[in-house]
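These are my notebook entries on a single structure, set down in the order in which I looked things up.

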Amino acid sequence: MGCVDSFNRSISYLRVSVTDRCNLRCQYCMPPGGVVSIPHENILRYEEIVRIVRLGTELGITKVRLTGGEPLVRAGIVSLVAMLAAIPGVDDLAMTTNGMLLAEYARELASAGLNRVNVSLDTLRADRFRAITRLGSIQEVERGIAAAREAGLEPVKVNTVLMRGVNDDEVVDFARRTLEEPFHVRFIEEMPVGLGGRMSFLPASEAMARIQAEFGPLEVAHQRKGNGPASYYRIPGAQGTVGFISAVSEHFCHQCNRLRLTADGRLRPCLLSDAEIPLREALRAGISDEALKEMFVSAVIAKPESHHLAEGNAPEGRSMSQIGG
Ligand code: SAM
């Protein structure tokens with residue numbers, strides 16, 4: 001039985017931020033010194049996350065994605081994966097990571113029951129990667145992608161935020177990489193969220209036009225897994241795919257099936273609205289399963305029909321790491 005919101009959308013997907021900490025400082029997400037960290041005691045403990053997810057599955061959640069901050073910097077993350085994978089209603093358990101620690105963890109994550117990973121990678125050039133992330137090493141991320149494939153965490157999808165004048169000149173290079181390897185790139189329009197500098201996003205339609213100018217018409221592709229907001233295409237004969245997520249230019253709220261749990265235990269009906277249901281205090285005050293499920297349902301009911309980015313409304317002064325990116 002699923003949970004249906006006020007606009008007849010079935011809510012089946014929970015994104016769980018396990019930490020607000022990150023080992024990178026991407027320019028569009030954070031200031032150079034990072035953001036003020038949530039005090040340790042306010043971060044949900046693993047048993048608390050597991051309880052919320054278990055009750056969520058009783059309400060129709062089938063898909064769970066771990067994110068952050070950077071999920072792989074939280075100690076014991078593999079044990080959380082194992083606990084979540086053991087919940088009978090979790091059919092699809094995934095993670096979004098910057099890939100810096102993925103080579104180290106890929107095999108253990110797969111053994112613990114993680115199904116697949118998305119890796120964020122905004123450039124294919126080492127010097128530019130360092131400039132965008134301030135701290136990262138592209139070699140580590142490439143090692144992580146290779147290790148994830150080897151461990152069977154597939155399909156490995158690569159998330160690329162396209163910014164005009166920063167990395168938009170690499171659209172064709174990313175697409176070319178899909179020709180000879182199972183590289184599944186998804187171009188994401190930068191949203192006006194975060195505490196970094198504002199960039200100028202490249203509309204998905206423009207990215208697609210540039211790829212078609214180089215490679216000819218793209219074919220519609222069907223991913224094996226994934227039911228998110230991306231549209232997928234393939235250069236004829238290519239091993240990989242190119243996807244487009246046009247969060248800003250053409251929102252897909254009518255098909256939104258997700259809730260977000262922040263690292264400090266707030267359930268957010270929409271990334272881009274500041275409505276939140278605070279679960280942590282209730283959990284620690286000894287709330288019953290039934291009452292917690294009611295709070296979960298109230299988040300579903302509070303889901304707005306759509307965000308209003310196009311009209312310039314966005315969460316003020318919050319980084320993705322604080323709102324369950
Ligand atoms: N640390 C992990 C990672 O890098 O994948 C997970 C958290 S990170 C906040 C999740 C994704 O959000 C990354 O792909 C990142 O590029 C993206 N992101 C951050 N700020 C964004 C923005 N303003 N617009 C669009 N995507 C953004």
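Entry 1: I looked up Arg-143 and Glu-140 and found both in helix H5 (residues 138–150), three residues apart, about one turn of the helix. Helices (H or I, at least four residues) and strands (E, at least two) are taken here as DSSP runs, numbered from the N terminus. The two side chains meet in a salt bridge at 3.1 Å, N to O. By salt bridge I mean a side-chain nitrogen of Lys or Arg within 4 Å of a carboxyl oxygen of Asp or Glu. Glu-140 is partly exposed, with 25% relative accessibility. My classes are buried for under 20% relative accessible area, exposed for over 50%, and partly exposed in between (1.4 Å probe, protein chains only).

**Entry 2: basis of the values.** I note that the model is predicted: local features need pLDDT of at least 70, side-chain atom pairs count only at pLDDT 80 or more, and totals for chains, interfaces and linings use all residues. Residues are numbered from 1 along each chain as its sequence is written, and side-chain values use heavy atoms, with hydrogens and water left out.

**Entry 3: further salt bridges.** I searched the whole structure and recorded 30 salt bridges. One of them joins Arg-125 to Asp-173 at 3.9 Å, N to O. Arg-125 lies in the loop between strand S6 (116–120) and helix H4 (126–133), and Asp-173 in helix H6 (residues 171–177), so this pair ties together parts that are 48 residues apart in sequence. Arg-125 is partly exposed at 33% relative accessibility, and Asp-173 is partly exposed at 30%. I traced both into a salt-bridge network that links Arg-125, Arg-128, Asp-169, Glu-170, Asp-173, Arg-176 and Glu-214. I also noted a salt bridge between Glu-181 and Arg-177, whose closest N and O atoms are 2.7 Å apart.

**Entry 4: strand S3.** How many of the residues of strand S3 (residues 13–17) are buried? I counted five of five. In a regular strand the side chains alternate between the two faces of the sheet. Tyr-13, Arg-15 and Ser-17 are buried on one side of S3, and Leu-14 and Val-16 are buried on the other. S3 pairs in the parallel sense with strand S4 (residues 63–67) over five bridges, pairing being at least two DSSP bridges between two strands. Leu-14 stands opposite Val-64 in S4. I followed the chain from S3 through helix H1 (residues 46–58) to S4 and logged a right-handed β-α-β crossover; right-handed means that, with the strands pointing away from the viewer, the path from the first strand over the helix to the second runs clockwise. S3 also pairs in the parallel sense with strand S12 (residues 258–261), over four bridges, and there Val-16 stands opposite Leu-261.

**Entry 5: Arg-9.** I placed Arg-9 in the loop between strand S1 (3–4) and strand S2 (10–11). Arg-9 is buried, at 6% relative accessible area. Its side chain reaches the backbone oxygen of Cys-253 at 2.9 Å and that of Pro-304 at 2.7 Å.

Methods: Polar contact = N/O pair within 3.5 Å; in protein donor to acceptor, adjacent residues only side chain to side chain.
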